[in-house]
Amino acid sequence: MLEQRYGAGHQEGLFAMFDNAGLPHADRLEKVPSSRRALVLAEIARDQGRHDELHPRLFEAYWVKGLDIGSDDVLLDLAAEVGMDRPETAERLSAWSADLLRAIEEETRAAVEMGVTGVPGWLVDKRLLVPGAQPHDVFERVLTRLGHEPEAG
């Protein structure tokens, strides 16, 4: 699907960008999953104070492990990893409300208005958008420009 949508060699170019940035990635992405259920799960996690723990796991599941983040089984496994109750989460995920969908649509609209055109996109300090996979030094320069001191490594 990715090749049909973005052209031949898309994954190789994407993975080269990840390699240049020093980021891990799956060997191959077999499917472009619908991320809507993952977004719903993220909002459920936000309600439970678990969003900050879950969010990076969603990215890792797809980009690093090549998992289908449109699958309830995958999502429920990730939710359980951060301490969310599996049966309760399954129930909420299957009965997600119009309120959750509105929250997702508002977040998406705000991201698009800021200039986000794809994943990943990083909003740094709620002021500067950094698109795509970037090396660590790009983020260090961005943070320094925004007035933050780099952490001693």
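**Figure 1. Helices and strands of the predicted protein chain.** Eight helices and two strands make up the secondary structure of the protein chain; helices (H or I, at least four residues) and strands (E, at least two) are DSSP runs, numbered from the N terminus. In sequence order the pattern reads α-α-α-α-α-α-α-β-β-α. The model is predicted, so local features need pLDDT of at least 70 and side-chain atom pairs count only at pLDDT 80 or more, while totals for chains, interfaces and linings use all residues. Residues are numbered from 1 along each chain as its sequence is written, and side-chain values use heavy atoms, with hydrogens and water left out.

Figure 2. Along the principal axes, the C-alpha atoms fill a box of roughly 45 × 40 × 30 Å. The accessible surface is about 9,900 Å², and carbon and sulfur atoms hold 51% of this area (Shrake-Rupley method, 1.4 Å probe; for residues, only the protein chains shown count as cover). Of the 153 residues, 28% are buried, where buried means under 20% relative accessible area, exposed over 50% and partly exposed in between (1.4 Å probe, protein chains only). Among contacts with a separation of 6 or more, 52% join residues 24 or more positions apart; contact means heavy atoms within 4.5 Å. There are 17 positive and 28 negative side chains, and the centres of the two sets lie 4 Å apart. Lys and Arg count as positive and Asp and Glu as negative, whereas His and the chain ends are not counted; each charge is placed at NZ of Lys, CZ of Arg, CG of Asp or CD of Glu.

**Figure 3. The aromatic pair of Tyr62 and Trp63**. One aromatic pair is found in a search of the whole structure. The ring centres of Tyr62 and Trp63 are 4.9 Å apart and the planes meet at 75 degrees, so the pair is edge-to-face. Rings of Phe, Tyr and Trp (its six-membered ring) pair if their centres lie within 6.5 Å, and planes under 30 degrees apart count as stacked, over 60 as edge-to-face and the rest as tilted. Both Tyr62 and Trp63 are buried.

**Figure 4. Helix H4 and residue His55**. Helix H4 (residues 51–64) has 14 residues and reaches 19 Å from its first C-alpha to its last, close to the 20 Å expected at 1.5 Å a residue; the expected span is 1.5 Å times one less than the number of residues. The buried residues of H4 include His51, Leu54, Leu58 and Ala61. His55, also found in H4, is partly exposed, at 34% relative accessibility. The C-alpha atoms of His55 and Thr144, 89 residues apart along the chain, are separated by 25 Å. Gly66 follows H4 and has a positive phi, near 70 degrees.

**Figure 5. Phe18 in helix H2**. Phe18 lies in helix H2 (residues 10–21) and is buried, with 4% relative accessibility. Its C-alpha atom is separated by 9.9 Å from that of Trp63, 45 residues apart along the chain.

**Figure 6. Thr89 in helix H6**. Helix H6 (residues 86–94) contains Thr89, a buried residue with a relative accessible area of 0%. Leaving aside neighbours within four places in sequence, Thr89 is in contact with Leu41, Leu76, Ala79 and Met84.

**Figure 7. Helix H7 and Gly115**. The 17 residues of helix H7 (residues 98–114) should span 24 Å at 1.5 Å a residue, and the end C-alpha atoms are 24 Å apart, which agrees. Gly115 follows H7, with a positive phi near 110 degrees.
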